[in-house]
Amino acid sequence: MKCIATLSKSFVRAAAGLTLGSLLLPIPAFAWGREGHFYINRAAAMAIPADMPAFLHTPENINAVEYLGPEPDRWNLLGGADLNDTLRPEHYILLDLADMAGPLPHKRLDYIRLLAAYQLTHPQTAGDFTPEKIGLQPYSAMEVYERLEAAMREYRRRIQANEDTKPVELAIVFYAGWMGHYVGDGGNPMHTSINYNGWVQENPDRYTVPGHNVHGKLENIFLPANIKQSDVTALVAPPQTFTDVFAAYVTYLRHSHTLVEKTYQIEKSGGFDGKGTPEAVQFTSERLAAAASMLRDMIYTAWTRSANPVSETSQKK
């Protein structure tokens, strides 16, 4: 890919403008469609390690985590206009543009200040470097992660105090399922790129350009017709925990970003048409499984960290 730093002012504006335009597709622009988010959350819930609390392994709660996978998309579709406008940037981050402002900071407000500083020094393109255009995706995931860790710490406290744990179990299941949506979004290469719904950079390989609903074809047509839950579950990686959750999550996003061109190569060859190709099925299953693995590992990390006082974990987010 051509370095983003060489983009012209007009190109940057066109690329940033894709953020809003791509979400106004005839088919709702879910990150993986309803089925994809179901698959991710269910695969993660089924892979939770045995040393985690028993309530997380019950069929009822596995089903609940699965159901909650598409929940933020339901808010966008079924909520009011104010909610929709506010939540839309939570689902993506255009790393090509975000990196022009500098390294991603750990905290949302620091990121917003980083973009504001870039706007001041680049007034010609300032309107393209707002949080709602570039996106807030990693902060959505991390803020729900911290809610989950807090709820798990409360669960441990209630166990020790011999108090009823049912209310906090509900909170834990909700946070795990909610977090799964944003982790799932991050596994889709198109949710990390200016080439969100058509190739907008220099295009010598003639990848599909905007106006052909590439995004919706992958998520809402190809995936539900050709991918099964078992395809995803079989590819979930062994569990691990993270020392720095934010750093691990950004690494995960950046790996997704490296696969943007691969996505377009598969699309150009007809891989997402009809029954697709074996390569397309494998690629899509791997991306869903990567999201499920990341989700499971974040849930597991939240549980292991919740055994420590807040002061010992807050420095390593």
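Visitor: What share of the 317 residues in the protein chain do buried residues make up?

Guide: Buried residues account for 56% of them, where buried means under 20% relative accessible area, exposed over 50% and partly exposed in between (1.4 Å probe, protein chains only). The model is predicted, so local features need pLDDT of at least 70 and side-chain atom pairs count only at pLDDT 80 or more, while totals for chains, interfaces and linings use all residues. Residues are numbered from 1 along each chain as its sequence is written, and side-chain values use heavy atoms, without hydrogens and water.

Visitor: How many helices and strands does the protein chain have?

Guide: The protein chain has 16 helices and zero strands; these are DSSP runs (helices H or I, at least four residues; strands E, at least two), numbered from the N terminus. Of the contacts in the protein chain between residues at least 6 apart in sequence, 80% join residues at least 24 apart, a contact being heavy atoms within 4.5 Å.

Visitor: What makes H9 roughly antiparallel to H10?

Guide: The axes of helix H9 (residues 137-160) and helix H10 (residues 166-186) come within 9 Å and cross at roughly 160 degrees. That angle makes H9 roughly antiparallel to H10, because under 35 degrees counts as roughly parallel, over 145 as roughly antiparallel, 65 to 115 as roughly perpendicular and the rest as oblique. Axes are lines fitted to C-alpha atoms, for helices over the stretch in contact, with angles from 0 to 180 degrees between N-to-C directions.

Visitor: Which residues make the contact of H9 with H10?

Guide: Among them are Ala141, Val144, Leu148 and Tyr155 of H9, and Ile172, Tyr175, Trp178 and Met179 of H10. The contact residues divide into 16 nonpolar, three polar and five charged; Ala, Val, Leu, Ile, Met, Phe, Trp, Tyr, Cys and Pro count as nonpolar, Asp, Glu, Lys and Arg as charged, and the others, Gly among them, as polar.

Visitor: Why are H2 and H11 called oblique to each other?

Guide: The axes of helix H2 (residues 33-46) and H11 come within 7 Å and cross at roughly 60 degrees. H2 and H11 are therefore oblique to each other. Their contact is made by Gly33, Glu35, Gly36 and Tyr39 of H2 with Glu219, Asn220, Leu223 and Pro224 of H11. By class, this contact has three nonpolar, three polar and two charged residues.

Visitor: What covers the buried residues of H11?

Guide: The cover includes H2, helix H12 (229-233), H14 and H15. Glu219 and Leu223 are among the buried residues of H11, as are Val214 and Phe222.

Visitor: How do you know that the buried residues of H14 are on the same side?

Guide: In helix H14 (residues 260-268), Val260, Thr263, Tyr264, Ile266 and Glu267 are buried. They cover an arc of only 160 degrees around the axis, which puts them on the same side of H14; the arc is that of the directions from the helix axis to the C-beta atoms. Helix H11 (214-226), helix H13 (245-258) and helix H15 (278-305) are included in their cover. Gly270, which follows H14, has a positive phi near 85 degrees.

Visitor: Why is Asn213 counted as buried?

Guide: Asn213 has 17% relative accessibility and therefore counts as buried. Asn213 lies in the loop between H10 and H11, and its phi is near 55 degrees, a positive value in a residue other than glycine.

Visitor: What makes Arg206 exposed?

Guide: Arg206 has a relative accessible area of 70% and is therefore exposed. Arg206 is also placed in the loop between H10 and H11, with a positive phi of about 55 degrees although it is not a glycine. Most residues other than glycine have a negative phi.
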